[in-house]
Amino acid sequence: AVVSTQSTGGKKWLKDLMAIKTTFVKEYISKASAIILVFKVPYYDDENGVRHNNWYYEASVSISVGILLCALNNVGICTVTSTPMNCGPALRRLLGRPDHEKLAYLLPIGYPAETATVPDFKRKPIDKICTFIE
């Protein structure tokens with residue numbers, strides 16, 4: 001299925017994406033050795049049907065994925081965090097997951113191809129992203 005980018009972010013978004021040469025073709029997903037899907041779960045029902053909130057689940061999921069990314073990198077496995085548009089509900093249904101679970105991250109993993117390239121993004125200076133108070 002082709003997803004139209006015309007309605008998602010407008011002209012500025014499309015212009016920004018041109019710098020990384022992205023299209024609807026995602027070979028990093030289709031050629032990956034494996035794909036890890038990480039769902040966020042805001043609550044769960046226990047065996048008695050009592051609902052319990054998972055407090056701070058957004059932060060917990062993000063921190064856990066960060067640790068996973070470091071571990072994968074440490075053993076030479078590459079990935080890219082991805083949340084392809086509009087596929088979360090379909091993947092959730094395909095896997096038989098409950099409606100309240102939401103796809104947070106899609107992580108295609110594997111060893112890099114010999115021809116793999118990475119965009120040469122320039123990092124922002126530290127003083128543009130941090131404030132130090134003495």
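## Working through buried and paired residues

His100 counts as buried, at 17% relative accessibility (buried is under 20% relative accessible area, exposed is over 50%, and partly exposed is in between, using a 1.4 Å probe and protein chains only). The model is predicted, so local features need pLDDT of at least 70 and side-chain atom pairs count only at pLDDT 80 or more, while totals for chains, interfaces and linings use all residues. Residues are numbered from 1 along each chain as its sequence is written, and side-chain values use heavy atoms, with hydrogens and water left out.

**Exercise 1.** Find the place of His100 and work out which residues it is in contact with, leaving aside neighbours within four places in sequence.

*Solution.* 
- Step 1: look in the loop between α4 (88–94) and β5 (102–110). Helices (H or I, at least four residues) and strands (E, at least two) are DSSP runs, numbered from the N terminus.
- Step 2: list the contacts (heavy atoms within 4.5 Å).
- Step 3: check the side chain of His100, which reaches the backbone oxygen of Tyr43 at 3.0 Å.

**Exercise 2.** How many salt bridges does a search of the whole structure find? Go through some of them.

*Solution.* 
- Step 1: recall that side chains of opposite charge can pair when their charged atoms come close. Here the test is a side-chain nitrogen of Lys or Arg within 4 Å of a carboxyl oxygen of Asp or Glu.
- Step 2: the search turns up 4 salt bridges.
- Step 3: one of them joins Glu58 and Lys40, with the closest N and O atoms 3.2 Å apart. This pair links distant parts of the chain: Glu58 sits in helix α3 (residues 57–74) and Lys40 in strand β1 (residues 34–40), 18 residues apart. Glu58 is partly exposed, at 41%.
- Step 4: Asp45 pairs with Arg51, and their closest N and O atoms are 3.0 Å apart. Asp45 is partly exposed, at 41% relative accessibility.
- Step 5: Arg97 and Glu101 meet at 2.9 Å, N to O. Arg97 is partly exposed at 40%, whereas Glu101 is buried at 7%.

Definitions and conventions:
Polar contact = N/O pair within 3.5 Å; in protein donor to acceptor, adjacent residues only side chain to side chain.
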